[in-house]
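The following report concerns a single protein chain. Please consult the sequence and the three-dimensional model alongside the text.

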Amino acid sequence: MRFTTFLIGILLFATFPTFGQNNTSTASALPPSAKPDATTKGSKFLEMLEEQEVTEPLNKFDENYTYTNPSSSRYDTLLYNTGKFRADEVPRYSQSQVQKQLYNLPTLIPMDYNIYVQRYIDVYALRRREQVSRMMGLSRVYFPIFEEELDRMGMPIELKYLSVVESALDPHARSYVGATGLWQFMLSTGRLYGLKVDSYVDERKDPIKATKAAMRYLSEAHKEFGDWLLAIASYNCGPGNVRKAIARSGGKKTFWEIREWLPRETRGYVPAFIAATYVFEYSHLLNIYPTYVDFSFHQDTLHISRMDITLQELATQTNTDVHVLKNLNPELKLDRIPYSTKTYVLRVPPRTAQQFALNQAGLKSKYGRKRDQYIAPIPTRYVGSNNVRSTPKTYDPPSGRKLVYYTVRPGDAVSTIAERYGVSSRQIASWNGLRRYRIKAGQRLKIYTTPAKAKSAENAARAQTSTRQVRPAGPQASGKGQYHTVRSGDTLWGIAKLYEGVSVDQINRLNPGLKAKDIKIGQQIRVK
């Protein structure tokens, strides 16, 4: 929830491919209140300012996505792939088809269609498909929490998709202005709605408590404005800005009528909500399927008081994966249960609760006093797919694995490298001491993988290298300079960020006639 209008100082020019097929007719098909306003029409720079509100949590999503061995289900593909799409196929639909699909959704909130909504459908369905797949997996964890509270309060169930726009379903998300958690509460607003924040606990990250607070806010906003889209806009920019926009519009009462008077980031926020609803509801028609994580919030609880214990210590004493405890309790800022006479409710797997009950006397004896200093838990590392753990200095390959080295290429991500070698992102980060999964071109990574996977990855890398050596005719055929091979989701702005000292203007100068919206996967673009 961002109640502070945040202006990005400098954003580079970028354009993106469109999802629909007949885009030239969209504006004329809009009602007058939803036609492009003078402040955004034709300006890619201003469009980028609007999109920043939506792309910011997506950009941070990869950094915080640290779940162990995420997996896809072949059953999902067989069950839901009614269009018989190829694995890499990206279906496209005309504007009239998308409009009809939105109209047919059984929602209480109007799912209007226009050029603004289409822009964010493009974001989710074209440029961020892999992230949508992972968010769909996380939705199996968090949506039941949202749906239960929405049902209890008699609110539209589709409001659950607002968290996709707010945080990309990341409980650890934190915006540039300090909004935190699944529902992106600012500190003052979170406290206003009863969320505790201190040195140990940040309940803005608690999925259950933050959801209750978010639904209270939305319910109150709807009572004031009488319109769900205005309530959603209010969640982003605050009720004061919505009231001012209504006044400046001459008393108009719908989002599309007051849109041009709202803060710039809020103008794209509501269309992004509609787009997220569309993409999740029609994911099977877009050939996008969930990537699951291996934990659930349907767990047991421990009621702990007068104990000073870290999650790592609790995990060791109960033979539990510490990362499961962290995922179930994201509100613990120091991964430590604060000593207090008040009871703290900790979510744990059922087996952990049983082990705790069996060893409670010993645990009370060992950790039943407040320590003078905080003792950080000893870091652990993965040394195999079975999650066996060791001290940080142990890098022995798991049984049946071989050590290989991979040299990072421009545009690589830890997740894609991990998938190529049949390991997890967390394993690669552990073996190489990576901080927040950050890698750079030219870096050599240790990877323990099976001989078959190593050979397959080497062949793929060799084929990719040979493809890069075949350059199109024209300025690129001279063999001089540095080139980038376009990958899925690439934009000129994103490509420029991968290379030090490179700008979009420089790329355009080195590639005469290059059109950002027409770049294709596999295309060679000169960057230096």
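## Glutamate 149 and its surroundings

Leaving out residues up to four places away in sequence, glutamate 149 touches Thr211, Lys212 and Met215, where contact means heavy atoms within 4.5 Å. The model is a predicted one, in which local features need pLDDT of at least 70, side-chain atom pairs count only at pLDDT 80 or more, and totals for chains, interfaces and linings use all residues. Residues are numbered from 1 along each chain as its sequence is written, and side-chain values use heavy atoms, with hydrogens and water left out.

Glutamate 149 belongs to helix 6 (residues 129-153); helices (H or I, at least four residues) and strands (E, at least two) are DSSP runs, numbered from the N terminus. With a relative accessible area of 5%, glutamate 149 is buried. Here buried means under 20% relative accessible area, exposed over 50%, and partly exposed in between (1.4 Å probe, protein chains only).

What does the side chain of glutamate 149 make with the side chain of lysine 212? The two side chains form a polar contact of 3.2 Å. A polar contact is a pair of N or O atoms within 3.5 Å; within protein, one must be able to donate a hydrogen and the other to accept it, and residues adjacent in sequence count only if both atoms are side-chain atoms. Lysine 212 lies in helix 9 (residues 207-225) and is partly exposed, at a relative accessible area of 39%.

## Overall organisation

The protein contains 22 helices and 12 strands. Of its 528 residues, 53% are buried. Among contacts with a separation of 6 or more, 73% are between residues 24 or more positions apart.

The largest nonpolar core has 85 residues, and Tyr124, Met135, Tyr142 and Trp183 have the most contacts inside it. Apart from this core lies another, of 19 residues, including Val201, Ile304, Ile337 and Leu363. A nonpolar core is a set of buried Ala, Val, Leu, Ile, Met, Phe, Trp, Tyr and Cys residues joined through side-chain atoms within 4.5 Å. Tyrosine 142 touches Tyr67, Leu169, Pro171, Leu182, Pro207, Phe295 and Phe297, not counting residues up to four places away in sequence.

## Selected C-alpha separations

| Pair | Separation in sequence | C-alpha to C-alpha distance |
|---|---|---|
| Valine 486 and glycine 522 | 36 residues | 5.0 Å |
| Lysine 212 and glycine 194 | 18 residues | 9.8 Å |
| Alanine 247 and tryptophan 261 | 14 residues | 9.3 Å |

Valine 486 occupies the loop between strand 11 (483-485) and helix 21 (492-498). Is valine 486 buried or exposed? Valine 486 is buried, at a relative accessible area of 3%. Beyond its neighbours within four places in sequence, valine 486 is in contact with Ile495, Ile519, Lys520, Ile521, Gly522, Gln523 and Ile525. Alanine 247, by contrast, is exposed, with a relative accessible area of 57%, and its place is in helix 11 (residues 239-248).

Why is helix 14 (residues 311-318) largely enclosed by the rest of the structure? The reason is that 6 of its 8 residues are buried, namely Leu311, Gln312, Glu313, Leu314, Ala315 and Thr318.

Most residues other than glycine have a negative phi.

Arginine 306 sits in the loop between strand 3 (300-304) and strand 4 (309-310), and at 44% relative accessibility it counts as partly exposed.

## Enclosed space

The structure holds 2 cavities of 30 Å³ or more. On a 1 Å grid over the protein atoms alone, a cavity is a set of points where a 1.4 Å probe fits but cannot get out, and lining residues have an atom within 4 Å of a point. Grid points are joined across faces, edges and corners, and a volume is the space filled by probe spheres set on the points.

Methods. 1 Å grid on protein atoms, 1.4 Å probe; cavity = no way out; pocket = protein on both sides within 12 Å on 5 of 7 lines; lining within 4 Å.
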